[in-house]
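Reader: I have the sequence and the model before me and would like to go through them question by question. Please end each answer on the value or name that I ask for.

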Amino acid sequence: MYQEYFGLNSKPFGIVPDTRFLFLSDSHKEAIAHLVYALNEKNGFVQLTGEVGVGKTMACRYILANMPEDIDVALILNPRIDELSLLSTLCKELGLNFSSQQKSNDLTELINTKLLETYADGRHTILIIDEAQNLPKRTLEQIRLLTNLETDTQKLLRIILIGQPELGELLAEHDMRQVAQRITSRYHLESLGANETDEYIHHRLKVAGCERRLFSKAAIQKIHSLTDGTPRLINLICDRALIGAYSMGVNEVTPTIIKQAAKEALPFIKTAPQNAGLRWLAVLALLGLMASTALVYRDHWQPWLTQQWQKTSYIEPAQVKPAAEASVNTVDLRETQPNELTPANSTTLTTPSPDQIETLKKQADVEFRLGIPSQL
């Protein structure tokens, strides 16, 4: 639709992994180096992981397109299969004749014979499994058993596992430790940085026949913020943005076009509304008005608030004395003498002398005889 308008000879932002458009970021170069290592490695597995859409399949296709002539490749794209289906698929990839009634041991023997013949001819065999995070554990165990097919000096089958980060989590489980110990090389493919996103977009436009810039700097910054540098998402937004620019009759894609393209191509990504800045200014203005109003009426409201606080308080502040000023009248019985415990209003008792006792007795006798009540 827009190819002729922009002078393009092909669609630059398709989602099909076309190796013509391969952009080698630093991370992609390292990933391909690990895959090339697997081609020359004589033992074990190679594991390549990465988030959805970062270009794992593109790197794999690049390796397949540049495979040395002395290597035979078996490629499995749908790994959600059981052990017998895995062996059957591998036999098909190796061009072997087999019967559907044959059991696992029979198929394993056929594969071993084929691998020995290939090795004798000076060739090597590599098994590549894409989307390997979907492999059942029993199938993974069967793959491990295939690595036991070997000579005295090297493995007959080299294996590359390509998958999402869940593959690493799967192999980290305790019951998968025998498989994990066979992995000799691991690499995680990263998304593109901000500068790499700019280079990626113009690289694909150049491959499609366009030498000039079709995306403004601000538009590319917006693309990176929306996609976090994921190539597949970049392709979806850029393709839709070029359609939008064509329909508007403009020669450069702007951030406004990118926002609209993201809404249409990536509805699961929330984009900030265009008037978000004005809304934040309104919120800040309202907060400032509230603060200034509070300062103006502070003297008017403060006495009333103090009164309400005193009414609702459980204890009046004035009734509470500091601990240091409170008087303590507690008597320590361990340190007080018995005569110090005499009540304040009690009469002091004294012991009378013998003469006084005798006088009191005589007085009592006289009073008894006279009929006077005794005071004792």
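Reader: What is the relative accessible area of Glu 141?
Author: This is a predicted model, with residues numbered from 1 along each chain as its sequence is written, in which local features need pLDDT of at least 70, side-chain atom pairs count only at pLDDT 80 or more, and totals for chains, interfaces and linings use all residues. Side-chain values use heavy atoms, with hydrogens and water left out. A residue is buried under 20% relative accessible area, exposed over 50% and partly exposed in between, with a 1.4 Å probe and protein chains only. Glu 141 counts as partly exposed because its relative accessible area is 25%.

Reader: Which residue forms a salt bridge with Glu 141?
Author: A salt bridge needs a side-chain nitrogen of Lys or Arg within 4 Å of a carboxyl oxygen of Asp or Glu. For Glu 141 the closest N and O atoms are 2.4 Å apart. Both partners lie in helix α6, 3 residues apart, about one turn of the helix. The partner, buried at 9% relative accessibility, is Arg 144.

Reader: Why would residues with that spacing point the same way?
Author: The spacing of the pair in helix α6 is 3 residues. Residues three or four places apart point the same way because the number of residues a turn in an α-helix is 3.6.

Reader: Where does Arg 213 lie, and which residue does its side chain meet in a salt bridge?
Author: The two side chains meet at 3.7 Å, N to O. Arg 213 lies in the loop between α9 (194-207) and α10 (217-227) and its partner in helix α9, so the pair ties together parts that are 15 residues apart in sequence. Arg 213 is partly exposed at 37% relative accessibility. Its partner, which counts as buried at 13%, is Asp 198.

Reader: How many salt bridges does the structure hold?
Author: One of them pairs Arg 20 with Asp 18, with the closest N and O atoms 3.0 Å apart. In that pair Asp 18 counts as partly exposed because its relative accessibility is 25%. The number of salt bridges in the structure is 11.

Reader: Which buried residues does helix α4 have?
Author: Helices (H or I, at least four residues) and strands (E, at least two) are DSSP runs, numbered from the N terminus. What covers the buried residues of α4 includes β2 (71-76), α5 (104-120), β3 (124-129), α6 (137-146) and β4 (157-163), where contact means heavy atoms within 4.5 Å. The buried residues of α4 (residues 83-93) are Glu 83, Leu 86, Leu 87, Ser 88, Leu 90 and Cys 91.

Reader: Which residue with a positive phi follows α4?
Author: Phi of this residue is near 75°. The residue is Gly 95.

Reader: What is phi of Asp 228?
Author: Most residues other than glycine have a negative phi. Asp 228 lies in the loop between α10 and α11 (231-248) and counts as exposed because its relative accessibility is 52%. Its phi is positive, near 60°.

Reader: How far is Val 52 from Leu 233 in space, C-alpha to C-alpha?
Author: Val 52 is found in the loop between β1 (45-50) and α3 (56-65) and is partly exposed, with a relative accessibility of 43%. Not counting residues up to four places away in sequence, Val 52 touches Gln 164, Thr 230 and Arg 232. In sequence, Val 52 and Leu 233 are 181 residues apart. In space, C-alpha to C-alpha, the distance is 9.7 Å.

Reader: How many disulfides does the structure hold?
Author: A disulfide is a pair of cysteine sulfur atoms within 2.5 Å. Among the cysteines, Cys 210 is buried with a relative accessible area of 5%, and Cys 238 is buried with 0%. The number of disulfides is 0.

Reader: What share of the residues of the chain counts as buried?
Author: The chain has 15 helices and 5 strands. Of the contacts with a separation of 6 or more, 74% are between residues 24 or more positions apart. Of the 376 residues, the share that counts as buried is 36%.
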